[in-house]
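Me: I would like a close look at a single part of this model, taken slowly and with its surroundings kept in view. Please give one connected answer.

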Amino acid sequence: MFDRLSSLIVALTLLAIAAIFAALADGEALTIAIMALAGILALAVVHSARSAPLPAPRRDAAQPTDDAPPPPLLRHPGFLRWADQEKEPLLGTAEDRVIFANDAAVRLLGRHIVGTDIRMAIRHPAAAQDRARSGEEAPETISLADFPRPGQRWTMRAAALSGSERLIRLSDQSAIDAADRMRSDFVANASHELRTPLAAILGYVETLQEMDGPEMDGGDGDPTRRRFLSIIEREARRMQQLVIDLLSISRVEADRFRRPTTPVDLCAIVQATVAQLQGSGHPRAADIVPRLGSEAQPMIGDAAQLAQLAHNIIFNAMKYGRAGTPVTVELHRRGGRVRLSVSDEGDGIRPEHLPRLTERFYRVDEARSRSVGGTGLGLAIVKHISERHQGELTIESEVGKGTRVSVTFPLADRVPLDADQGMIDME
Ligand code: ADP
């Protein structure tokens, strides 16, 4: 109602009036009552007083007003100071032209990059495929293998800002890759070292089995000895397969960021793999039904790795499909892509397992995998080979019916080899 000063004045006035009435009043009790009532009223007035309103804050002349928009991020002095202290190279572009480079970017790429086109500043074919330029929402991380020097690898991530402006961050992955390489080199070396003693064990087991004579004919040795020898042989062969798969996966991992460069024909590779499996003497060899067509399927790839990919998925269909049912191997060309798919008729895989099948050593049924000679690495190898060839792996399965594993690769006449060269022509 009143502010503090006014309420004080009102209270004092009340007390003064009360004092006059008290002086005029007849009798002590009445005087006390008048003064007490006045005192209570004065206190109530003072208590209910509002504090004085604060003065309105003064607008700092230096502060930007609401109508003046702040400078764009890439020209904001605060941002530029912060960016220069960042350890990772940062580049700002407008219309794909570098308008800003922090100190780390200048050290990596040189001062001359400011003002040039970003594709000239980051001279790498993968940088030209940057999707953020085309205005897509989620910025993807692009891997720049052998950048800026052979053996090194950086990643690039771009964020679209307002208008045509973009902020690009480069990040050095060379140390992480070196640690990764040490790990896979160790696995490769250990596997390699295991091969020699394993070959010796298998050699001696076979010699001892031959000395005992063939099992079917009764042989000379005792049955327990023959049984033990056959267990040693089976386990040693399993270990040998594991060693081969471990070596393969570490080789494929080591090549992960090295794009293949050789033109190959996927149709011929799959044909050769099918022929090898058909002649392998495996009980399911006769169930393979190839539908590959006669057309060449040109792509850029590593022939040995593509053969291994085809082998692993066809062999899985042979291992996990029902005996006597077809294992269909197909090649389909659609647009600029070719799809290799292998279908089997078997127990199928429950949907909750599908996303984990390409993890190393993941098996739906470990006992079953072991009994058919599986190592749990086959699909992990397939995934790595597929990624290296820009392939797309899909696994579809229906419980009780069967499974189809497909890998779709870009055909060579659509594979961009170099940003300047555009597409290569295989014809
Ligand atoms: P493994 O050496 O055990 O076969 P993989 O990595 O090739 O290992 O496959 C992982 C698991 O996926 C297998 O153990 C099996 O449970 C399942 N799997 C793979 N292919 C098929 C298939 N065609 N049908 C049913 N299950 C499959």
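Which residue in strand 10 is the bridge partner of V329?

Reply: The model is a predicted one, and in it the bridge partner of V329 in strand 10 is V342. That bridge belongs to the pairing of strand 9, residues 327–334, with strand 10, residues 337–345, which run in the antiparallel sense and are joined over seven bridges. In general, strands of a sheet pair through backbone hydrogen bonds, either parallel or antiparallel.

The two strands are part of an open sheet of five strands, whose order is 7-9-10-12-11 and whose pairing is mixed. Strand 7 (288–291) and strand 11 (392–398) stand at its edges, and because each has a single partner strand, one side of each is left without a neighbour in the sheet. Averaged over the sheet and with direction ignored, neighbouring strands are turned by 15° against each other.

Helix 8, residues 266–278, lies across strand 7, strand 9, strand 10 and strand 12 (402–410), and its direction is at about 165° to that of strand 7. Helix 9 also packs on the sheet, where it touches strand 7, strand 9, strand 10 and strand 12, and its direction makes about 25° with that of strand 10.

In total, 17 residues surround the ligand, and the closest are N316, Y320, S369, T375 and L379. Sorted by class, the shell consists of seven nonpolar, seven polar and three charged residues.

In the side chain of N316, an N or O atom is 2.8 Å from an oxygen atom of the ligand, while a polar backbone atom of L379 is 2.8 Å from a ligand oxygen. A polar backbone atom of G376 is 2.9 Å from an oxygen atom of the ligand. Of the 520 Å² of accessible area that the ligand has on its own, the protein covers 96%.

Key:
Residues are numbered from 1 along each chain as its sequence is written. This is a predicted model: local features need pLDDT of at least 70, side-chain atom pairs count only at pLDDT 80 or more; totals for chains, interfaces and linings use all residues. Side-chain values use heavy atoms; hydrogens and water are left out. A residue is near a molecule or strand if one of its heavy atoms lies within 4 Å of it. A polar contact is a pair of N or O atoms within 3.5 Å; within protein, one must be able to donate a hydrogen and the other to accept it, and residues adjacent in sequence count only if both atoms are side-chain atoms. Accessible areas come from the Shrake-Rupley method with a 1.4 Å probe; for residues, only the protein chains shown count as cover. Ala, Val, Leu, Ile, Met, Phe, Trp, Tyr, Cys and Pro count as nonpolar, Asp, Glu, Lys and Arg as charged, and the others, Gly among them, as polar. Two strands pair if DSSP finds at least two bridges between them. Helices (H or I, at least four residues) and strands (E, at least two) are DSSP runs, numbered from the N terminus. Axes are lines fitted to C-alpha atoms, for helices over the stretch in contact, and angles run from 0 to 180 degrees between N-to-C directions. Contact means heavy atoms within 4.5 Å.
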